[in-house]
Amino acid sequence: MSARLELQSALEAEIRAKQIVQEELRRVKAANINLESKIKDLEESIREMEEHVDTLKKEMEESRSRSDKGLKLPDFQDSIFDYFNTSPLAPDLTFRHTDVDATQQKSETTPSSHSTSSKHEDGKVAMVPATPPPTSQSTSLTSPKPRAHQLSIKMFSSPTQCTHCTSLMVGLTRQGYACEVCSFICHVSCKDHAPCVCPIPPEQAKRPQGIDVQRGIGTAYKGYVRIPKPSGVKKGWQRVFAMISDCKLFLYDVPEGKSTQPGVAASLVLDLRDEAFSVSSVLVSDVIHATTKDVPCIFKITSSQLISALSPVSLLVLAESEAEKRKWVRILEGLQSILTKNLLKSRQVHVLHEAYDASLPIIKSTLSAAILDRERIALGTEDGLFVVEVTRDVIVRASDSKKTCQIDLIPKEKVIALLCGRNRHVHLIPWEALEGAESTFDVKMTETKGCQALTTGLLRPGGPACLIAAVKRQVQCYEITRSKPNYKKLWEVQAPGTVQWLGIVRERLCLGYPSGFALLALQGETSPVSLVSPGDPSLAFLAQQTLSALHAVEVGSTELLLCFSQLGIYVDLQGKRSRTQELMWPSTPVAISSNASHLTVYSEYGIDVFDIHTTDWVQTTSLCKIRPLNVEGTLNLLSSEPSRLIYFSNSSSEGELTIPDKTDHSRKLMVRTRSKRKFLFKVPEEERLQQRREMLRDPELRSKMISNPTNFNHVAHMGPGDGMQVLMDLPLSVMPSSQDDSGKDRPRPLSSISRQQRSKTHITRTASGTCL
């Protein structure tokens, strides 16, 4: 019977092995087809590139033959030839150097390669409001007299390019300058470098798109494409406007209906400098729900920034035609190779980790969080406050307060402040509750009903702890103590508007309200100092529109960055503008957090990270429906299926939390212990036994459970003896000489023990025979 079972198990194992080989063969065939498709595309690209190079060479020879007319190729065209002679890049890309001086360009007719590069814009909707450029007249009497631009800050309602650098003007409002007379548009940072002549010279009125290969700025391509609807390709495709600008791919939703103009809030941004970024054609098996005629027009983009449940995914893109698809693929591949050659790599400020096992049921209802130490985190949920020991899988129910929206730790007084309940009261509980001990007090601060914002700090360096709560326009300050009633009200002031944000900035209280921020001494002795000075005319626009106050952060010793719902503004300590440059959000922010050097902006499509000192946009990650759980933004909730607790590690939080090992398909459950407030998060005994039974049924898993032999010193049978078998072991390794003297303490071989037992048995039998 056992032999039959072994044969059956062997047969099943052989069948599985054959299935694995067939699956591997299927994958190899699919990869081969994909490779052949790429080779075909590359051959087509090389052929078109060679034709394009021949055309450019002919045009270059013709331009040289007309040298008596003073015709000169712009320097960005020279870079085209440099790159085509050194690397096989896409013929659709144009390039330029950083030393372009528009004022030195000739006013004669633009060379024909301008029209070559501008051909790629045929059929595209121009996003820049353009007016017909003035034509060059034959006599100087009829030509308009040059004058300076009449520039003013404007808000654009659709994606717009800068006339000077051709880059996208990112932002939701006040994106840049526009001339009241001509069609000149530019960034705030480009204003001082742009040509001052108005109207724009004919050869500069419509500059071709191009990429600055040294800094990676400029627009390479733009057009309309389609991406799958949120529910998948099976439900259809939605139209979006795509633009490759400043080493990033921007996607803007196009509303359905009569309007074909996209809005200024990006629906997705991908950084081409990501090392994992790639673009390729698709197979029929990749898009099984797409129609047959659409498959040749589809390509996919893979990036580490496209994350679903912390795993990279691909974005499918449907172009308007197969030729258009090849153009998008060639441009993206060519641009990425340029960025790699020029060592333009993305900066990764936040590294994403999953802080704990996603199968923990309380994560789904988490509203707030705090890091207690390297191995413990506090989670405020709909059902109360829990402490999770991430390395020991121990869960402690610290408080029964419902809807814990915010957790503030006050270690100086060994007190925890919770903003919780349906009416949003502030509660104070003892530090011992985090260990699972019964709370000696739970103080409800009755005057904080309807609290909208909460922060804690010190009244003065080395002084007592304080708690500041905002209820509508009222700001209340309390001193926190260990003795009952654990708090004492110090002062109360009225803010200029409904308080939307509270924080401690430069040892003073900073409060944010619609279209403004103010500083207030924690002692409450002085009146608030407005950080939006009414005497600064450049900030007058804030009083004309209502912008939500989201965050404020120190920048050095003399500056503050005020973050509103549509932009960020730099001011000094007197509330006057300190920089002309404003911080522009690519999409509408839902929350903002910061550390000493970077600002993290949360939006519907993910997070964007900015350097607060240089205003550089340094990182973007596509994580839909993610929101911060603490003020620092180190703990976040990703509303996926299942919900996940995400930890952002960076230079300021490195080593702050130990990341435990996790499994994708955990069967752990919260098991109650003898203490009613402590739980163990583990696999129940019944489930563990069931898993073991399942493993024993599978021959492959069962063979993995039995380890291979490691000690070959085994006992051998030497044949029958006098009434019993004689056992003898194989020779053991020679012991060191230092152990020879301890022969009496050394364990005896099994064979010697067996021989002694055999001799004793033989003597006994002989004696008994004599007696008989």
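This report describes a predicted model of one protein chain, from its overall make-up to single residues.

## Basis of the model

The structure is a predicted model, in which local features need pLDDT of at least 70 and side-chain atom pairs count only at pLDDT 80 or more, while totals for chains, interfaces and linings use all residues. Residues are numbered from 1 along each chain as its sequence is written, and side-chain values use heavy atoms, with hydrogens and water left out.

The term pLDDT stands for the predictor's confidence in each residue, from 0 to 100. Its mean over the protein chain is 79, and 75% of the residues reach 70 or more. A contact means heavy atoms within 4.5 Å.

## The chain as a whole

The protein chain contains 9 helices and 46 strands. Helices (H or I, at least four residues) and strands (E, at least two) are DSSP runs, numbered from the N terminus.

Of the 772 residues in the protein chain, 47% are buried. Buried means under 20% relative accessible area, exposed means over 50%, and partly exposed lies in between (1.4 Å probe, protein chains only). Among the contacts with a separation of 6 or more, 52% are between residues 24 or more positions apart.

## Glu-492 on a strand

Glu-492 belongs to strand E27, which covers residues 487-494. Its relative accessibility is 36%, so Glu-492 counts as partly exposed. Apart from neighbours within four places in sequence, Glu-492 is in contact with Gln-474, Val-475 and Gln-476. Val-475 is 17 residues from Glu-492 in sequence, yet the two C-alpha atoms are 5.6 Å apart in space.

## Two buried polar side chains

Thr-404 sits in the loop between strand E19 (394-399) and strand E20 (406-410). Because its relative accessibility is 0%, Thr-404 counts as buried. A polar atom of the Thr-404 side chain lies 3.2 Å from the backbone oxygen of Ser-401. Beyond four places in sequence, the residues in contact with Thr-404 include Leu-367, Gly-380, Leu-385 and Cys-420.

Asp-271 is part of strand E11 (residues 268-271). With a relative accessibility of 2%, Asp-271 also counts as buried. A polar atom of its side chain is 2.9 Å from the backbone nitrogen of Arg-273.

A cavity is found on a 1 Å grid over the protein atoms alone: it is a set of points where a 1.4 Å probe fits but cannot get out, and lining residues have an atom within 4 Å of a point. Grid points are joined across faces, edges and corners, and a volume is the space filled by probe spheres set on the points. The whole structure has 6 cavities of 30 Å³ or more.

The second largest cavity holds about 50 Å³ of space. Its lining consists of Val-225, Ala-242, Leu-249, Leu-251, Phe-299, Ile-301, Val-317 and Trp-328. Strand E10 (248-253) and strand E13 (298-308) are the elements that give two or more residues to this lining. The lining has 8 nonpolar residues, no polar and no charged ones. Here Ala, Val, Leu, Ile, Met, Phe, Trp, Tyr, Cys and Pro count as nonpolar, Asp, Glu, Lys and Arg as charged, and the others, Gly among them, as polar.

## Backbone details in loops

Cys-198 and Pro-199 are joined by a cis peptide bond with omega about 0°. Pro-199 is in the loop between strand E6 (197-198) and helix H4 (202-205). The bond from Glu-641 to Pro-642 is cis as well, with omega near 0°, and Pro-642 is in the loop between strand E41 (635-638) and strand E42 (644-649).

Cys-247 is not a glycine but has a positive phi of about 65°. Cys-247 lies in the loop between strand E9 (232-245) and E10, and is buried at a relative accessible area of 3%. Lys-625, also not a glycine, has a positive phi of about 60°. Lys-625 lies in the loop between strand E39 (617-622) and strand E40 (626-628), and is exposed at 57% relative accessible area.

Technical notes:
On a 1 Å grid over the protein atoms alone, a cavity is a set of points where a 1.4 Å probe fits but cannot get out, and a pocket is an open set with protein on both sides within 12 Å along at least five of seven lines; lining residues have an atom within 4 Å of a point. A polar contact is a pair of N or O atoms within 3.5 Å; within protein, one must be able to donate a hydrogen and the other to accept it, and residues adjacent in sequence count only if both atoms are side-chain atoms.
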